[in-house]
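These are my notebook entries on one structure, kept in the order in which I looked things up.

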There are 2 protein chains.
Amino acid sequence: MIEPQRALAHIRMSVQSELTDFLLQQTQYLGEIGSELTPVAEAMNEYLLDSGKRLRPLFAYAGYLGAGGSEDSAVIKAVASLELLQACALIHDDLMDGSDTRRGKPAMHRRFESIHEQEELSGSASAYGASAAILLGDLALVWSDQMFHSAGLSQETLVRSLSVHDEMRVELMAGQFLDIHEQALATSSVARSLKIARYKSGKYTIERPLHFGASLAIADERQRHTLMTMYSEFGLPLGEAFQLRDDLLGVFGDPATTGKPAGDDLREGKRTVLMAMTHDRANVAQEKIIARYFGVEELDSTGVEALRTIITETGARQHVEDLIEKLTLTAQDALNRDEIDSSAHALLDELASIAVRRSA
Amino acid sequence: MIEPQRALAHIRMSVQSELTDFLLQQTQYLGEIGSELTPVAEAMNEYLLDSGKRLRPLFAYAGYLGAGGSEDSAVIKAVASLELLQACALIHDDLMDGSDTRRGKPAMHRRFESIHEQEELSGSASAYGASAAILLGDLALVWSDQMFHSAGLSQETLVRSLSVHDEMRVELMAGQFLDIHEQALATSSVARSLKIARYKSGKYTIERPLHFGASLAIADERQRHTLMTMYSEFGLPLGEAFQLRDDLLGVFGDPATTGKPAGDDLREGKRTVLMAMTHDRANVAQEKIIARYFGVEELDSTGVEALRTIITETGARQHVEDLIEKLTLTAQDALNRDEIDSSAHALLDELASIAVRRSA
């Protein structure tokens, strides 16, 4: 058996190659409609091909192998399509959050804002950037469908997998709405933040990709559902741990690896589980400092440092670290099942580690 | 044979009933995730069920009948899903255009902006409204897939129809981008505006729904392609005529029937075929008045009237009316083919008339 790291690197390369092929076709297609669409194709190519951990395709493919599936390039193409769905989520998310950067580069709306300025187009550059980001997100969502549908799966496999795929996307959008709504509420709550984390990224990043993989592999309904339940026992706690790591990275992450400015979530005033726990534990003096700095657009490094200190001193940071550890152990325990193909155990274990111990 | 008007009314009612059922299920589903999503479900229900001409489902179903398909509630549900796709397009379009109203009611982003104000939520009401509109548009897009996929079609029919459906949506998004890009250019061009009209609404409103209907009806590939080619000969000119009618309604339409303020396109500075033709024909004095009023956000009724006069006096208005007439005749001529099931001739003819002679 090859090492899990090498196996994952191999899958990642295959995903990259399928995305490259698909985008090449789509670039050609857009070019036939008109040269005005060249910047759209270029932006999508850079966005999709330059970086990304490919976590969702990897979980989906590992879920497929764990369900007894054997190597198949059609399945690689189907799971690679999840990267296009993720591109939609990120492009729209950055626009909604007003984030300027993504993976160290300008966010999509900023990119088109710059194009507007450079080409001296007329009207508002920021409105042009926002419109372009809305449409490129929509296009990425439709492309993800197209890539999945044209992957070359058998008719039966494709139809069987549509419903999990649809449900995953509804949950994602519902979770995103819960998130923006939470930002608009005056109070914070650990329970509500955990629910958002579950829908917005936990289920969508880990549990549903695993289910998607299972549905690509198993024809028998009862067998498929049994395995999906087990994947949920692994994927749900791990997904929460994944999101909690995200919370910590948004506050303590190194800009060199996250590609986001230091303390970005603090500047945005993101209502994370980490912040809800900090609020719960803060004394009056600490609450005052939070009220002064949290969600302030012009927050400088002094303000970021002041908030970081409180998050650490209240114990919220350590508590979240402990919670990540606990959730990860719960998840890994759930892997020890005969129903999950043993060849995939090491892969899933390695992926779990990547999801919760990452620095970006 | 029943009259085409009655037949269309019957299909429209069936579409309404399928949408009602689907939204009821989804409302329940969202409610299970959390009561925070109640406003999302309410907004979608009102948006989808209160009005709408249902043109795309009607063209798709007529295309299905014209291809020899027989009445089938699964097909009704599949074509009804196009209304959800259209909801996505309109919700995002209104946000991008900064339109305040849709069908006489607040646009989606304005609706959520009001909710923010009424509930005294924190942060920017307009940012909340914009985020909600982005997400509700995304959700409508995903729901349209879900409704189509769960329509109860046979496996073979469903898989066969996915590619036309995907292509239609890519064209829509590409057309939308061409449109926002055109708005940002300093020059106007009849040729470019016609191309946008073709992608953004012509193909998407008529040709592609007809193709979708054909693909739902015909298994044989060669037969299906023959019919699709004929549908293009009917649908493409009719689609352009449809968009040209839209151009005229955007300038001369009655707010009581369009549900939009008088001269809304003039205020938005929309680069339509009608305006490109007006520019081409305007003399220096008229160009000056256009430069003064066109695209001015605070445009009052005097300004609207001044622009309307120029559009009429240059002959652009009449030229567009003539073009609509010519395109419609070309389309109707293309209907006289043996390959198109005769039972659908009257339906398609009636739909053509609705598409180009409407007042809203």
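This is a predicted model: local features need pLDDT of at least 70, side-chain atom pairs count only at pLDDT 80 or more; totals for chains, interfaces and linings use all residues.

Entry: R103(B) sits in the loop between β1 (101–102) and β2 (105–106) of chain B, and its phi is positive, about 50 degrees, although R103(B) is not a glycine. I then turned to R103(A), which lies in the loop between β1 (101–102) and β2 (105–106) of chain A. There I found a positive phi of about 50 degrees, again at a residue that is not a glycine, and R103(A) is partly exposed, with 14 other C-beta atoms within 10 Å.

**Entry: how the chains are related.** I next asked by what turn and what shift chain A can be laid on chain B. A turn of 180 degrees with a shift of 0.0 Å along the axis does it, and the RMSD is 0.0 Å. I noted this down as the relation of a two-fold axis. The same surface serves both copies, since 100% of the contact residues of chain A recur in chain B.

**Entry: the contact between the chains.** I looked up the contact itself, which takes 47 residues from chain A and 48 residues from chain B. On the side of chain A that touches chain B, the elements giving two or more residues are α1 (4–33), α5 (82–97), α7 (125–149), α8 (155–184) and α9 (190–217) of chain A. The largest share of that side comes from α8(A), with 18 residues. Sorted by class, I recorded 27 nonpolar, 13 polar and 7 charged residues on the side of chain A that touches chain B.

**Entry: α2 of chain B.** I went on to helix α2 (residues 38–49) of chain B, whose 12 residues reach 16 Å from first C-alpha to last, close to the 16 Å expected at 1.5 Å a residue. Which residues of α2(B) are buried? I found V40(B), M44(B), Y47(B) and L48(B) to be buried. Seen down the axis of α2(B), these buried residues fall within an arc of 85 degrees, so they line one face of the helix. What covers the buried residues of α2(B) includes α8 of chain A, together with α1, α5 (82–97), α6 (108–118) and α7 of chain B.

**Entry: L19(B).** I looked at L19(B) next, which is placed in helix α1 (residues 4–33) of chain B. L19(B) counts as buried because it has 22 C-beta neighbours inside 10 Å. Leaving aside neighbours within four places in sequence, I listed L48(B), L49(B), A80(B) and E83(B) as its contacts. L19(B) and L49(B) are 30 residues apart in sequence, yet 7.4 Å apart in space, C-alpha to C-alpha.

**Entry: G137(B).** I then moved to helix α7 (residues 125–149) of chain B, where G137(B) has its place. Is G137(B) buried or exposed? With 26 other C-beta atoms within 10 Å, G137(B) is buried. Not counting residues up to four places away in sequence, G137(B) touches C88(B), I91(B) and H92(B). The C-alpha atoms of G137(B) and C88(B) are separated by 4.1 Å, although the two residues are 49 residues apart along the chain.

**Entry: the nonpolar core.** I looked up the largest nonpolar core, which has 228 residues, and found that Y61(A), L136(A), A140(A), Y61(B), L136(B) and A140(B) touch the most other members. For A140(A), leaving aside neighbours within four places in sequence, I wrote down contacts with M44(A), L84(A), A87(A), C88(A) and I91(A). As background, I noted that nonpolar side chains in soluble globular proteins tend to be buried together.

**Entry: α15 of chain A.** L307(A), I310(A) and I311(A) are buried in α15(A). They cover an arc of only 100 degrees around the axis, which puts them on the same side of α15(A). On the other side of α15(A), I found S301(A), T302(A) and T309(A) to be exposed. The cover over the buried residues of α15(A) includes α10 (221–252), α12 (264–268), α13 (273–281), α14 (284–293) and α16 (316–334) of chain A. Just after α15(A), I noted that G315(A) takes a positive phi of about 90 degrees.

Definitions and conventions:
Residues are numbered from 1 along each chain as its sequence is written. Chains are lettered from A and ligands numbered from 1 in the order in which they are written. A residue is buried if 20 or more other C-beta atoms lie within 10 Å of its own, exposed if 12 or fewer, and partly exposed in between; C-beta atoms are placed from the backbone. Helices (H or I, at least four residues) and strands (E, at least two) are DSSP runs, numbered from the N terminus. The arc is that of the directions from the helix axis to the C-beta atoms. Two residues are in contact if their C-beta atoms, placed from the backbone, lie within 7 Å. Copies are superposed by least squares on the C-alpha atoms of residues with pLDDT of at least 70 in both. Ala, Val, Leu, Ile, Met, Phe, Trp, Tyr, Cys and Pro count as nonpolar, Asp, Glu, Lys and Arg as charged, and the others, Gly among them, as polar. A nonpolar core is a set of buried Ala, Val, Leu, Ile, Met, Phe, Trp, Tyr and Cys residues joined through C-beta atoms within 7 Å. The expected span of a helix is 1.5 Å times one less than its number of residues.
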